[in-house]
Amino acid sequence: MNYAAIKRRDIADGPGVRVSLFVSGCTHRCKGCFNEEAQNFSYGEPFTPAVEEALLEDLAPDYVDGLTLLGGEPFEPVNQRALLPFLRRVRERFPQKDVWAYTGYVYEEELLRESRARCEVTDELLSLVDVLVDGEFVEEEKDITLLFRGSANQRLIDLKATRAAGAVVLWQPRD
């Protein structure tokens, strides 16, 4: 897997101060994509063990709230397979920090059912994510006032609450 960018201190892609990893590769090709160059699977740099170590160091300070995965598309199967071992390490080392992931796939239609996104690691990868921002970016529904998303069709799904309830539960910011 390649990655397009790393933001070592990000406040736009989830609550608090975050480390954000933008993976390369996306087959959605959303009209108006903010990160069009990252649609190419070959764009950027290889996601090496050294990059993983640097990200773990970036996550270490107490003021960093968590990790955000964006793209490109983290839930392209090739990216899922590369991200899973890394997320295991993140969870082991930083159980108190949250993990957010952005995907153009719809949670219950494409990540939980047979689809081009679903593969042998999807369920475990989802189990390591706290909040999933799902749905393709839709330029006609673009709204810059929305919290942590680009278009009105996208949802902020609290995955732990969703698993417990057996139905989609939307994430709510803490006061």
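Predicted model: local features only at pLDDT ≥ 70, side-chain atom pairs only at ≥ 80, totals over all residues.
**Exercise 1. Phe148**

Solution. 
Step 1. Compare with the cut-off: buried means under 20%.
Step 2. Now place the residue. Phe148 sits in the loop between strand 6 (131-134) and strand 7 (155-158).
Step 3. Check the backbone. Most residues other than glycine have a negative phi. Phe148 is not a glycine, yet its phi is positive, about 60°.
Step 4. Look at the rings around it. Phe148 forms one aromatic cluster with Trp100 and Trp171.

**Exercise 2. Ile11 and Val17**

Task: Find which class of exposure Ile11 has, and which class Val17 has.

Solution. 
Step 1. Locate both residues. Ile11 is in the loop between strand 1 (2-10) and strand 2. Val17 belongs to strand 2 (residues 17-23).
Step 2. Read the value for Ile11. Its relative accessible area is 66%, so Ile11 is exposed; the cut-off for exposed is over 50%.
Step 3. Read the value for Val17. Its relative accessibility is 23%, so Val17 counts as partly exposed.
Step 4. List the contacts of Ile11, leaving out residues up to four places away in sequence. Ile11 touches Gly16, Val17 and Phe148.
Step 5. Do likewise for Val17, setting aside neighbours within four places. Its partners include Ile11, Tyr63 and Asp65.
Step 6. Ile11 and Asp65 are 54 residues apart in sequence, with C-alpha atoms 9.9 Å apart. For Val17 and Tyr102, the separation is 85 residues in sequence and 17 Å from C-alpha to C-alpha.

**Exercise 3. An aromatic pair**

Task: The structure holds 4 aromatic pairs. Work out how the rings of Phe47 and Phe86 are arranged.

Solution. 
Step 1. Know what to look for. A pair of aromatic rings is described by the distance of the centres and the angle of the planes.
Step 2. Take both values. The ring centres of Phe47 and Phe86 are 5.5 Å apart, and the planes meet at 85°.
Step 3. Apply the cut-off: over 60 degrees counts as edge-to-face. So the pair of Phe47 and Phe86 is edge-to-face.
Step 4. Phe47 is in the loop between strand 3 (45-46) and helix 1 (49-59), while Phe86 is in helix 2 (residues 77-93). They are 39 residues apart, and the pair links distant parts of the chain.

**Exercise 4. Two helices**

Task: Describe how helix 1 and helix 2 cross.

Solution. 
Step 1. Take the geometry. The two axes come within 11 Å and cross at roughly 30°.
Step 2. Use the cut-off: angles under 35 degrees count as roughly parallel. Helix 1 is therefore roughly parallel to helix 2.
Step 3. Note the hand. The crossing of helix 1 and helix 2 is right-handed.
Step 4. Name the residues. Helix 1 brings Glu52, Glu53, Leu55, Leu56 and Leu59 to the contact. Helix 2 brings Phe86, Arg89, Val90 and Arg93.
Step 5. Sort them by class. The contact of helix 1 with helix 2 has 5 nonpolar, no polar and 4 charged residues.

**Exercise 5. A peptide bond**

Task: Which kind of peptide bond joins Gly71 and Gly72?

Solution. 
Step 1. Read omega, which is about 20° for this bond.
Step 2. The bond between Gly71 and Gly72 is cis. Most peptide bonds are trans.
Step 3. Gly72 lies in the loop between strand 4 (64-70) and helix 2.

Notes:
Residues numbered from 1 in each chain as written. Heavy atoms only, no water. Helix = DSSP H or I, 4+ residues; strand = E, 2+ residues; numbered from the N terminus. Buried < 20%, exposed > 50% of the residue type's maximum accessible area, 1.4 Å probe, protein only. Contact = heavy atoms within 4.5 Å. Phe/Tyr/Trp six-rings, centres within 6.5 Å; stacked < 30°, edge-to-face > 60°. Axes fitted to C-alpha atoms, helices over the stretch in contact; angles between N-to-C directions. Parallel < 35°, antiparallel > 145°, perpendicular 65-115°, else oblique. Left-handed = near helix turned anticlockwise from the far one by under 90°. Nonpolar A, V, L, I, M, F, W, Y, C, P; charged D, E, K, R; others polar.
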